[in-house]
Amino acid sequence: MLNQFSRSEIILGKESVAKLARSRVAIFGIGGVGGFSVEALVRAGVGTLGLFDDDKICLTNLNRQLHATMKTVGLYKTDVAEARIKEINPVVKVKKHNLFYSAETSSSVDLSQYDYIIDAIDTVSCKIELILRAKERGVPIISCMAAGNRLDPTAFEIADIYKTSMCPLSKVMRHELKKRGVESLKVVYSKEPSISPVEDMQSSCKANCICPPDTARKCTVRRQIPGSVAFVPSVAGLIMAGEVIKDLLM
């Protein structure tokens, strides 16, 4: 009988589609990158999704984030993502966590309940914490390196962190993970040279913050706010989802 996954069954087979329905994936950070990972995973038929993000949708998210619309500004990203997931596949189990993952909060998260983890966090220390915890528990993880300040979506590659090049964030991560004894990490990264953002205080979030009033972590605390466009982080997110699906079905 035809269903919403019939076209997937044609190419993957019924057993694989059934396996995805039993799979559990956690996505940390559901913004420009992670939001598109969530979209692809739910449409692929993954049965349980853990959404981790404490942020609310801001007007400045509309240029690149899947869940951002004029109607959703000010709402929690996890709430908006859950509503969209349920519209696509009502039987998906969604576990929402309005949580900023860090060394202080990591102990409250049981990573072992997931079959795979997507790291779409944009803070180095928090990425490292998540990677270390995932490695300790033997849960596969894929990590996104920098997607901001770039314009070429074709420059993304999949590699082990120790085989990356041309990416400043990857360099920092290689150094930090090596110090901590992490021997390997699958990443999506870009070889495109980073573009220096234009310093314009009139359009700067640091000088004219429009985050929702009760946002826990406003953009004003960031050292630098990267520029971004619709067609770069989305591609990174879709690539990561594709790798997750491929690995789950191996």
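**Entry 1: overall layout**

I read the protein along its sequence and noted the pattern α-α-β-α-β-α-β-β-α-β-β-α-β-α. I counted seven helices and seven strands; helices (H or I, at least four residues) and strands (E, at least two) are DSSP runs, numbered from the N terminus. The model is predicted, so that local features need pLDDT of at least 70 and side-chain atom pairs count only at pLDDT 80 or more, while totals for chains, interfaces and linings use all residues. Residues are numbered from 1 along each chain as its sequence is written, and side-chain values use heavy atoms, with hydrogens and water left out.

I next looked up the overall dimensions. The C-alpha trace spans about 60 × 45 × 35 Å along its principal axes. The radius of gyration is 18 Å, which agrees with the value near 18 Å for a compact globule of 250 residues. That radius is taken over C-alpha atoms, and the globule rule is 2.2 Å times the number of residues to the power 0.38.

I found that 47% of the 250 residues count as buried. Here buried means under 20% relative accessible area, exposed over 50%, and partly exposed in between, with a 1.4 Å probe and protein chains only. I also looked at contacts (heavy atoms within 4.5 Å). Among those between residues at least 6 apart in sequence, 67% join residues at least 24 apart.

I asked how many residues of strand 2 are buried. Five of the five residues in strand 2 (residues 48-52) are buried, so the strand is largely enclosed by the rest of the structure. In a regular strand, side chains alternate between the two faces of the sheet. I saw that Thr48, Gly50 and Phe52 are buried on one side of strand 2, and Leu49 and Leu51 on the other, which leaves both faces covered.

I then traced the pairing; two strands pair if DSSP finds at least two bridges between them. Strand 2 pairs with strand 1 (residues 24-28) in the parallel sense over five bridges. Within this pair, Ala26 stands opposite Gly50. From strand 1 the chain passes through helix 3 (residues 34-44) to strand 2 in a right-handed β-α-β crossover. I took right-handed to mean that, with the strands pointing away from the viewer, the path from the first strand over the helix to the second runs clockwise.

Strand 3 (residues 93-97) runs parallel to strand 2, and five bridges join the two. Leu51 stands opposite Lys96 of strand 3. I recorded a right-handed β-α-β unit here too, made of strand 2, helix 4 (residues 77-88) and strand 3.

**Entry 2: helix 3**

I examined the helix between strands 1 and 2. Nine of the 11 residues of helix 3 are buried, so the helix is largely enclosed by the rest of the structure. Among the buried residues I listed Gly34, Gly35, Phe36, Leu41 and Val42. The elements that cover the buried residues include helix 2 (14-21), strand 1, strand 2, helix 4, strand 4 (116-119) and helix 7 (233-248). Gly45 follows helix 3, and its phi is positive, near 100 degrees.

I located Thr164 in the loop between strand 6 (156-160) and helix 6 (168-179). Thr164 counts as buried because its relative accessibility is 8%. I looked for polar contacts, defined as a pair of N or O atoms within 3.5 Å; within protein, one must be able to donate a hydrogen and the other to accept it, and residues adjacent in sequence count only if both atoms are side-chain atoms. The side chain of Thr164 reaches the backbone oxygen of Ile161 at 2.7 Å. A polar contact of 2.7 Å also joins the side chains of Thr164 and Arg174. Leaving aside neighbours within four places in sequence, I found Thr164 in contact with Ala159, Ser170, Arg174, Val187 and Tyr189.

**Entry 3: Asn149 and the cysteines**

I found Asn149 in the loop between strand 5 (141-144) and strand 6. Asn149 is not a glycine, yet it has a positive phi of about 60 degrees. Asn149 is buried, with a relative accessible area of 11%.

I searched for disulfides (a pair of cysteine sulfur atoms within 2.5 Å) and found zero. For Cys167, the nearest cysteine sulfur is that of Cys144, 8.8 Å away. Cys167 is buried, with a relative accessible area of 4%. Cys58 also counts as buried, at 6% relative accessibility.
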